[in-house]
Amino acid sequence: SLKLHGLDPDNERAIYRNTTYDMRRHKRLQMFVHAERMPDDAGILQDGDLAIFFRMGSDYRDNYYEYEIPLKITPEGQYSTHNPADREAVWPEENRFDFPLELLTGLKLERNTDPDGESNSFSVAYSTSDPEKPDNRITIMGNPSLAEVSVMMIGIRNRSENHRSAEVWVNELRLSEFDDQGGWAAQGEAQLALSDLGTVHFSGRKETVGFGALSQQLMQRRNDDNQSFHFALNLELGRFLPKEAKISAPLYYAYSDQVSSPLYDPFNQDILLSESIARAETTLQRDSLQQRAITHTTNKSFSLSNVRANIKSDTPMPYDPANFSFTYASNSYSHHNPQTEYAVTKNQRFQADYAYAPEVTLWEPFKKTKAIHIRPLPNHIQMRSNLTRNYQEKQLRDLNEQHPLTFGSSFLW
């Protein structure tokens, strides 16, 4: 309960609680409220002199939603909990918080698209009446989100021109009527063996909004449409050449693509993306909103590993083609999301190897004992050379401030 003694006009007092909650999957907020005069109040307090408000957001002053109800005073008397009329008198419907949460998000959309430049400012409170209950007021300040409710406040505001005292009870703050729309998921995988040429592998997965495991809670369900595709190819290119060439050229190629389309606008996370797009004035703006909301990642890999011609003399010689091998690998990565306009990474590597193991007759100066023998040449000769090139580039979106393009490049030998 809240007890107020001599609250000044246009003043307010409140209680608050820090919390962390995502309300987007729920549809309504409800709470019972009772107000009565203080014992020493001789009937001065009248209906509507005080108002109760419920405020929630990321903070109490700059980013919040607020719903305000003028209070109806319950007359002093004896009431029975078993009498429906008495229960209604103690907890009158006029004092009851019972509104759809979409009223709050609708007010945000209305404020953000208001042609009046002053009224859609985040630093000015924007208010309107509840269409179903015109005496109640809804207010938005800053840029709150139902996805990240960090604080809740219940307060009493003096709307009269004189000091007022009262006792107010609140009970059963709750969220109701959750969104139970389910999603679906599918996954497929196939692998094809091409005799002794190589293998081909395909896999794909799709999950839609609302999908979740049976063990997951409501708020753990997906809030985006996610799809991914992967393709991998392994081939021995030497099989396509004459056997006499004795070429070995293992090829590997992989491609993966993942796309995530959110249910909510990433810059107003309690507003459906479809609603933000519908409010856009031009086709260009709608396409831009759709494109920047998507998270898209692509990876490509290509390599030819240990390519060599397996031709060598009966007696290994330093110039045998089998002593030489070459490797080339290339990887590219591209990504964009609501915060990143684009990010690109490219890596290339070329490697040349030489390996020679000569056959050498051992010199045994003391053949009878065989305890000492001398090898005039090394057992193994190996050389390697690497060329590596790396490049990366990233551009963040200019949301609240300009961000410079960042890039890096290196070439190593």
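User: A salt bridge is a side-chain nitrogen of Lys or Arg within 4 Å of a carboxyl oxygen of Asp or Glu. How many salt bridges does this rule give here?

Analyst: This is a predicted model, in which local features need pLDDT of at least 70 and side-chain atom pairs count only at pLDDT 80 or more, while totals for chains, interfaces and linings use all residues. Residues are numbered from 1 along each chain as its sequence is written, and side-chain values use heavy atoms, with hydrogens and water left out. The count of salt bridges comes to 18.

User: Is Arg-25 buried or exposed?

Analyst: Buried means under 20% relative accessible area, exposed over 50%, and partly exposed in between (1.4 Å probe, protein chains only). The salt-bridge partner of Arg-25 is Asp-179, at 3.8 Å, N to O. Asp-179 has 22% relative accessibility, so Asp-179 counts as partly exposed. Arg-25 has 3%, so Arg-25 counts as buried.

User: How far apart are the closest N and O atoms of Arg-55 and Glu-66?

Analyst: Arg-55 has 9% relative accessibility and counts as buried. Glu-66 has 5% and also counts as buried. The two form a salt bridge, and their closest N and O atoms are separated by 2.6 Å.

User: What kind of aromatic pair do Phe-54 and Phe-97 make?

Analyst: Rings of Phe, Tyr and Trp (its six-membered ring) pair if their centres lie within 6.5 Å; planes under 30 degrees apart count as stacked, over 60 as edge-to-face and the rest as tilted. The structure has 10 aromatic pairs. In the pair of Phe-54 and Phe-97 the centres are 6.4 Å apart and the planes lie at 65°, so the pair is edge-to-face.

User: Which ring does Arg-157 lie over?

Analyst: A charge sits over a ring if NZ of Lys or CZ of Arg is within 6 Å of the ring centre and within 35 degrees of the ring normal. Arg-24 lies over the face of Tyr-264, 4.5 Å from the ring centre. For Arg-157 the distance to the ring centre is 4.3 Å, and the ring is that of Phe-53.
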